Amino acid sequence: MQPRLETEEVIVNLGPQHPSTHGVFRMILRLEHEVITEAIPVVGYLHRGLEKLAEVRTYTQIIPYTDRLDYLAAMLNNLGYVQAVEKLAGIEVPERAEYIRVICAELSRIASHLLFVATFAMDVGAITGFMYPFRDRERVLDLLEMVSGSRLTVSYMRVGGVAEDLPEEFLPALKKFLDDLPACIDEYNGLITGNEIFQARTKYVGRLDPQVAINYGISGPVLRASGVYYDLRKLRPYGIYDRFDFEVPLGKNGDCFDRFVVRIKEIEQSARIIRQAVEQLPEGPVMGKVPKVLRPPKGAEVYHEIEGAKGVLGYYLVSDGSNRPYRMHVRAPSFINLGLINEMVRGWKVADVIAILGSIDICLGEVDR
Amino acid sequence: MFGQGLLKGLQITWREFFNKKVTILYPEQRPPLPPRFHGSFRLEAEKCIACGICVTACPNRVIRLDSVREGKKRRLTYYVMYLQYCLFCGLCVESCNQEALHFTQDFELAQYTREDLALVLVKAPVVAEAAAAAQGEGEGA
Amino acid sequence: MADSQLVAQIKEKFADVEVDAEQRLVVSPDQLPGLMKELRDTFGFDFLSNLTAVDYPEYFEVVYHPCRIRDAAMVTVKTRADKKRPRVPSVCGLWGAANWQEREVYDLFGIVFEGHPDLRRIFLEDDFPGHPLRKSFPLAEQREYVGG
Amino acid sequence: MLENLFVAIGDWFNNLGARAGAPYWGDLLELVWILVAILVFLGLGVAMLVLLERRVAAFIQVRYGPNRVGPQGILQTIADMVKLLGKEIIIPRAADKVLFLLAPVLVVVPVVMLFAVVPFGKDMVPIDMNIGLFYFISVASLTTIIVWMGGWASNNKYSLVGAMRVVSQMVSYEIPLVLSLLGVVMLVGSLKISDIVRAQEHVWFIFTQPVAFLIYVVAACAEVKRVPFDLVEGESEIIAGPYTEYGGMAYALFMLAEYGELILISALATTCFLGGWLAPFGLTFIPSWVWFFLKLNLMILFFMWLRWTYPRIRVDQLMHFGWKVLVPLSLANIFITGIGMYVYRALGW
């Protein structure tokens with residue numbers, strides 16, 4: 001019997017300071033010459049104790065903190081939090097504010113997905129594939145800056161409406177961006193999706209079985225790429241999402257390639273929603289009747305979920321009658337999507353670990369809170 | 001056939017090679033900023049009634065102000081913002097009823113020392129402060 | 001949240017489950033595994049969306065939000081653990097999603113989940129004194145509170 | 001006059017020695033002149049290439065690239081050199097000190113040695129050995145061991161993985177490279193570099209051996225560790241592979257070697273497939289070495305264009321593609337060339 005070559009396992013530290021871990025995230029990889037036998041994720045480097053801090057801040061003062069959760073799609077975090085507080089305190093939001101919120105939220109989703117397209121292309125090695133989506137994301141950030149004053153940490157939404165109305169130059173700039181978007185998407189498909197080397201690196205890599213995904217609470221594009229139809233904007237519509245018609249793209253075999261393609265299709269769908277929202281945008285106030293000092297009823301409790309950029313983003317708020325929440329918990333999609341990384345990565349090579357981790361598209365601000 | 005995607009990629013990069021560049025040569029060319037840009041801060045001292053609403057509105061306790069009572073009105077003598085804690089969220093500007101606090105378009109806020117980060121917007125000269133207690137004439141810049 | 005007809009079905013199957021004003025199921029820790037298994041297998045709640053805890057003055061309350069992928073129906077299940085020895089049976093066996101979320105609740109609240117495959121702290125370092133999200137944990141103010 | 005400018009200077013040095021009654025010294029002077037010319041060409045070439053690469057990359061990525069240091073950024077590489085000179089070479093604690101420091105020094109040696117057979121212009125081949133191509137291939141594979149030595153000595157897991165990848169990649173892509181050149185050599189019948197160039201008088205080998213040219217380009221890309229085969233230095237996977245622990249001039253030397261190799265394989269491509277210094281369509285009023293320089297840069301720009309378009313291939317796919325696709329393809333090419341030549345001869349051309 002040919003003596004088996006005695007190979008000794010190598011333990012490699014991937015991160016926390018590593019070019020492709022999308023933030024301060026570390027994985028201890030147990031390698032047998034390039035093949036992973038075990039991956040132990042280590043999180044907590046960016047833990048800022050948001051949930052403890054929220055207990056000593058008023059409801060309005062928490063809004064800027066929610067930007068820092070998934071800092072790539074701040075508008076969506078704001079939307080989730082603000083709608084949760086409105087449910088808690090029973091506050092009406094005027095029509096125009098609802099439409100402005102949908103426009104800004106979907107813009108934020110497009111920005112987050114564009115960044116995913118860029119960083120995933122770079123994880124797989126296409127440096128130029130990183131630049132083009134980033135160039136187009138700049139235009140979205142300019143739009144958000146026009147509306148809220150800052151590019152990423154927008155803090156634009158308020159309980160009961162939005163901080164300020166849309167400036168006049170916003171809508172023409174938005175229309176121009178929406179008209180140029182299809183050409184940009186064709187460019188990504190041409191340069192990245194259609195590229196045989198990219199397909200060789202991502203097709204059938206890191207396949208995620210739908211049942212396992214549901215059991216592990218995976219949500220968002222990662223779940224839809226495995227073919228599971230679960231999008232809160234359709235199944236449990238919040239705000240005015242039931243007034244727009246758009247499709248929910250699904251993948252077939254839940255590999256890195258499908259996760260990439262699903263997100264590109266979602267960009268198109270978000271643009272479609274924005275177009276419809278701009279058409280139906282009514283006139284009117286952007287701020288509802290909100291008491292000067294917001295005091296939800298004692299013992300009131302709410303758990304409100306929206307479809308964030310990375311998945312189901314939930315806010316659990318408990319009120320003790322004061323102007324500060326008794327307890328605030330954030331159901332962060334990146335944190336839960338990361339729970340399955342060990343099983344997804346086992347048996348693949350180092351290069352695939354980077355691709356699989358990139359395809360889940362985590363944001364460490366949300367993971368560590 | 002196999003190379004079709006590869007050739008398409010080359011074709012795109014060839015076209016982009018000749019496209020207009022999007023980057024701005026920063027120090028010479030300035031980025032175009034929207035009117036609502038959250039940059040640094042400026043305070044119209046005469047409008048400010050030193051009520052301290054902005055101090056409580058701020059999530060990170062960035063603002064600190066002192067004032068001296070003159071008759072029934074209060075006069076602002078000292079107003080500083082510790083920008084290292086500032087979130088640039090605009091809650092303070094929004095909460096000011098007198099609309100004295102505004103954002104500016106200046107985004108170059110980096111400093112060499114931590115002390116310089118503190119943005120002192122109003123600082124009444126100490127001498128005037130002592131005299132002011134007596135009869136309250138004009139305050140400092 | 002969940003339609004009352006669904007909650008009613010669960011009620012008659014599980015006698016001593018309290019149903020409070022907003023159709024929330026409150027159950028004792030030892031009843032929890034049975035109810036959860038029932039929810040997942042017969043009622044089809046295959047997606048545990050959220051699992052968190054709240055530190056009330058008299059007890060710790062662990063809150064679960066299982067959902068149904070089919071129609072995104074959601075139910076709130078609560079269980080109470082006493083303050084001195086907070087112990088709640090783990091639901092890791094039913095949903096993989098609970099694994100990390102229970103570790104987070106253990107890390108920040110100190111509630112022990114019996115039967116959890118690998119109950120370690122997830123955010124803080126292992127020798128961190130105390131559990132920060134408890135109301136008893138002091139919120140250290142390193143900068144003195146200034147102004148108004 | 002411009003045509004054999006360099007050859008004339010060489011001869012002048014030679015007669016200088018001969019007139020002074022010491023022909024031996026004349027030859028030595030000529031050789032020293034050739035060595036100086038090569039080193040200047042290498043030094044300037046690499047400096048310009050680094051800047052060219054960053055500018056080409058920038059222009060493809062819709063941005064400007066370095067344009068501050070000197071007019072249009074010309075002096076950027078010099079600025080980099082000065083910076084790198086200033087940086088300290090940190091030796092990791094448990095590294096094998098001798099090997100660690102030896103690797104960067106040794107890595108430049110094969111690169112400079114290879115320039116001995118590059119045909120810069122008409123009878124401007126520094127040393128025109130009759131086994132020129134064979135010499136080129138054998139010395140080119142020396143860099144593998146040296147880079148591996150560097151990776152092994154820096155005692156860092158990422159470097160080790162990178163070093164292992166270097167060995168596996170370079171060795172397995174050496175074979176298709178050699179086999180594709182074999183096709184050319186069969187047509188020429190000799191390994192002498194000047195013969196190869198002269199044989200392309202009427203038609204360049206890129207037209208008679210298109211498949212060999214394709215295989216050569218792909219294999220050369222892997223030899224020089226450039227995308228889509230830059231696994232050795234896969235930034236997003238293993239940081240900088242064997243170069244991770246190197247800083248300062250040590251890193252600069254590795255970069256010098258990498259860009260030197262890029263010049264060399266482009267030079268080999270022009271010699272074997274694009275007719276070396278032969279002027280296309282008989283435009284001989286432009287000196288031959290200018291033609292060589294133009295074709296060389298054409299190939300270099302092509303490699304850069306590839307680098308800034310494609311993602312990176314995975315290790316096992318690299319092996320699969322190398323052994324199961326390129327090697328059989330190049331063997332088939334040799335087989336067909338053989339039949340072609342036989343038919344040629346049979347028809348009496």
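A residue is called buried if 20 or more other C-beta atoms lie within 10 Å of its own, exposed if 12 or fewer do, and partly exposed in between, with C-beta atoms placed from the backbone. B:Phe88 has 20 C-beta neighbours inside 10 Å, so B:Phe88 counts as buried. We will come back to this residue after a walk through the chains.

First, some ground rules. The model is predicted: local features need pLDDT of at least 70, side-chain atom pairs count only at pLDDT 80 or more, and totals for chains, interfaces and linings use all residues. Residues are numbered from 1 along each chain as its sequence is written, while chains are lettered from A and ligands numbered from 1 in the order in which they are written.

Let us start with how the chains meet. Two residues are in contact if their C-beta atoms, placed from the backbone, lie within 7 Å. Five pairs of chains are in contact, and of these, chains A and C share the most contacts. By comparison, no contact joins chain C and chain D, and their closest C-alpha atoms are 25 Å apart.

Now look at the meeting of chains A and C, to which chain A brings 30 residues and chain C brings 24 residues. Helices and strands here are DSSP runs numbered from the N terminus (helices: H or I, at least four residues; strands: E, at least two). Among the elements that give two or more residues to the side of chain A that touches chain C are helix 1 (50–53), helix 8 (210–215), strand 6 (301–307), strand 7 (312–319) and strand 8 (325–331) of chain A. Strand 7 of chain A gives the most to this side, with four residues. Sorted by class, the side of chain A that touches chain C holds 15 nonpolar, eight polar and seven charged residues. In this sorting, Ala, Val, Leu, Ile, Met, Phe, Trp, Tyr, Cys and Pro count as nonpolar, Asp, Glu, Lys and Arg as charged, and the others, Gly among them, as polar.

Strands pair if DSSP finds at least two bridges between them, and strands 7 and 8 of chain A are joined in the antiparallel sense over six bridges. One place to look is A:Leu317, whose bridge partner in strand 8 of chain A is A:Met328.

In chain B, strand 2 (residues 63–70) and strand 3 (residues 73–82) run antiparallel and are joined by eight bridges. Within this pairing, B:Asp66 has B:Tyr78 of strand 3 of chain B as its bridge partner. The hairpin of these two strands has two residues between the strands, and B:Gly71 takes a positive phi near 60° there. Most residues other than glycine have a negative phi. That brings us back to B:Phe88, which has a positive phi of about 50° although it is not a glycine. B:Phe88 is found in the loop between strand 3 and helix 3 (91–95) of chain B.

Chain D has 14 helices and zero strands. The radius of gyration of chain D, taken over C-alpha atoms, is 21 Å, close to the 20 Å that the globule rule (2.2 Å times the number of residues to the power 0.38) gives for 349 residues, so chain D is as compact as a globular protein of that length. Of these 349 residues, 43% count as buried.

An automatic or database domain assignment gives the domain bounds, dividing chain D into domain 1 (1–86) and domain 2 (89–346). Their contact takes 19 residues from domain 1 of chain D and 21 residues from domain 2 of chain D. Helix 2 of chain D supplies the largest share of the domain 1 side, eleven residues.
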